[in-house]
Amino acid sequence: MKLLEKMIAPIDKALERFDPVKQSEKGVGGLRDRYYDKTGVAKWREWRGVRDTMVDYTAWLNNILSMVQMVASAPVPIMKAFWEYRWMGSYLGTFMFIDRLFEGYRGPELKIAHMNMHAIVQSLTKRIAFAMKNDRRLGGGPETEKIIPHDETITPLFLKGFKGLYPFPLQTLPEFIICDVDQHIEPYYIDVAESYGLPADVCSRCSAETGVAIDDAFPLFGKVLLSTNMPCNASEATSMFQRRRYGKPDFPITLAMQHNNPEALPYSRETLQNAMKFVEDNYGVKYDWDEFFRYAKLMNEQNTIELEKWDFFKTPYSPLSGIAESLYRLYSWQSVNGQDPYFNKVDRKVIRIMRKCYEEKHLPFGGKTRHRAFLWGPSAVYYTDFPTWTQNCWGITIVLNMDSTMGFNMINTEDPEIAMDDLTRFTEKACMRHHAVGGWENINAVWEWAKNFNCDMVLMNDNIACNGMLGVHGMMEDQARDLGFHFIFIEHDLEDSRTVSRQDMRNCVNKYMSVVLNEQPLDPTIVEFDDSDAY
Ligand code: SF4
């Protein structure tokens, strides 16, 4: 290995002038120089030195391979789906999306980021093929009647006790994931919802889901629909629109809003049990606890490794942070949820690299981190590749995102009675629930989390239409002042990039960093640029 590095070193030195990170260090260019103006289209791939360029290129090929396998496994339904669903075309932007997410990444940071991202790509491509093969709109398939379509914020783990059935998060393909890849797709569905009479001042996530339903752009399968009130009352409203349009018997899984309150547990537990009974009655399948325990063990392993990762996040030596951490945790917790052993394998490999980096006192991102931030941010942080940008532009490492703190309690894998309580606690803490919904204490806990993870900064995404958070803006400002955190409110309109552009969001940070902190950017080419036409 050492010999190889010795051989590579002179080549890296000779080609250093093409490396955008080195260019910005020398003041002769930077990361944005590769792009055509306004777009996310790069003129050439990022040169990162021989070894890291190979790591990046191999990951790119692996992702292409997953796409090819997806098309090969269901060529006719996939082709039909491109004609049927507008959102399918947006998946073609995935490669540009991934390239942007990890620009400036080198060494173990890059390696881990790609391992995590490939796990998502291989899982999603399989899911797309499975959904299209069984979609009634496209002719249906052998599993059409065995699928349980459920709201994406319902954790699928509890449905794994139904052997031979397939839980499927309905909004994940047309809305939840794709809004991160393509900033232009959800505005179309938002317009559909508004042209139907939905007011324009509601949460754009819920509005987009409503538009997908009205546009008949959800895949159709299963015998029922499991809807929910999670995470908030806006979701409750969009669930009503969706269930009417989907046209299947539905069971609304309405879990307690005050989910930190132990007195709410019996109510939420009973709701989940009723949902299980509803599935049993409609599909004629008995709940099998042993089958459930198999998957609960995988989920427990996911969470055990996650908690070990948190110990490393608290130190300056974690190669995992930002988008590679938060997007992976969001998908692996909310969507995978113990169902796919591939994610356990990736977790085991990643934690080994993290342990090694800690032992070697590896400082990520070339030691350029200036601030450690706790992020309170939903989807808009992904299509803007925001954490990558804060790192590359201002040296702000996003240590942990609010959604990474979703249900991390362990689930009993022997006794159904105890498991049911654990499962309820776990299910209640789904996406956007921790720190967003559930009372003032729950929201205010953000400071404790930031302190525990040794952060000096809190970045708070101020979704201008989030019912959960609108009322607390002023109070959060006061708290930050009292507790001595650098605190930046980043205005955005979640999935509608027309209201607040990516550059408007970046400007919130630019202003704070230059005017309040009087700091200089690490890479001046990415302080202000137009990417309004990009995916
Ligand atoms: S962003 Fe706010 S309003 Fe929208 S679904 Fe999440 S918690 Fe609800």
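A pocket here is an open set of points on a 1 Å grid over the protein atoms alone, with protein on both sides within 12 Å along at least five of seven lines, and its lining residues have an atom within 4 Å of a point. The structure is a predicted model, in which local features need pLDDT of at least 70 and side-chain atom pairs count only at pLDDT 80 or more, while totals for linings use all residues. Residues are numbered from 1 along each chain as its sequence is written.

The largest pocket holds about 660 Å³ of space. It is lined by 32 residues, and closest to its centre are Asp19, Val21, Lys22, Asp52 and Arg106. Two or more lining residues come from each of α1 (2–15), α2 (20–26), α3 (50–73), α7 (107–133) and α18 (386–394); these helices are DSSP runs (H or I, at least four residues). By type, the lining has eleven nonpolar, eight polar and 13 charged residues.

The second largest pocket has a volume of about 480 Å³. Of its 19 lining residues, Arg127, Lys160, Tyr166, Pro167 and Gln339 are the closest to its centre. At least two residues each are supplied by α7, β2 (166–169) and α14 (289–313), a strand being a DSSP run of E with at least two residues. This lining divides into ten nonpolar, three polar and six charged residues.

On the surface, Leu3, Leu4 and Met7 form a nonpolar patch with about 330 Å² of accessible area together. Such a patch joins nonpolar side chains within 5 Å, from residues with over 30% relative accessible area and no salt bridge (a Lys or Arg side-chain nitrogen within 4 Å of an Asp or Glu carboxyl oxygen). Areas come from the Shrake-Rupley method with a 1.4 Å probe. Leu3 lies in helix α1 and counts as exposed (over 50%) because its relative accessibility is 61%.

Methods: Side-chain values use heavy atoms; hydrogens and water are left out. On a 1 Å grid over the protein atoms alone, a cavity is a set of points where a 1.4 Å probe fits but cannot get out, and a pocket is an open set with protein on both sides within 12 Å along at least five of seven lines; lining residues have an atom within 4 Å of a point. Grid points are joined across faces, edges and corners, and a volume is the space filled by probe spheres set on the points. Ala, Val, Leu, Ile, Met, Phe, Trp, Tyr, Cys and Pro count as nonpolar, Asp, Glu, Lys and Arg as charged, and the others, Gly among them, as polar. Patches are made of residues with over 30% relative accessible area and no salt bridge: like charges are joined within 9 Å, nonpolar side chains (Val, Leu, Ile, Met, Phe, Trp, Tyr) within 5 Å. Buried means under 20% relative accessible area, exposed over 50%, partly exposed in between (1.4 Å probe, protein chains only).
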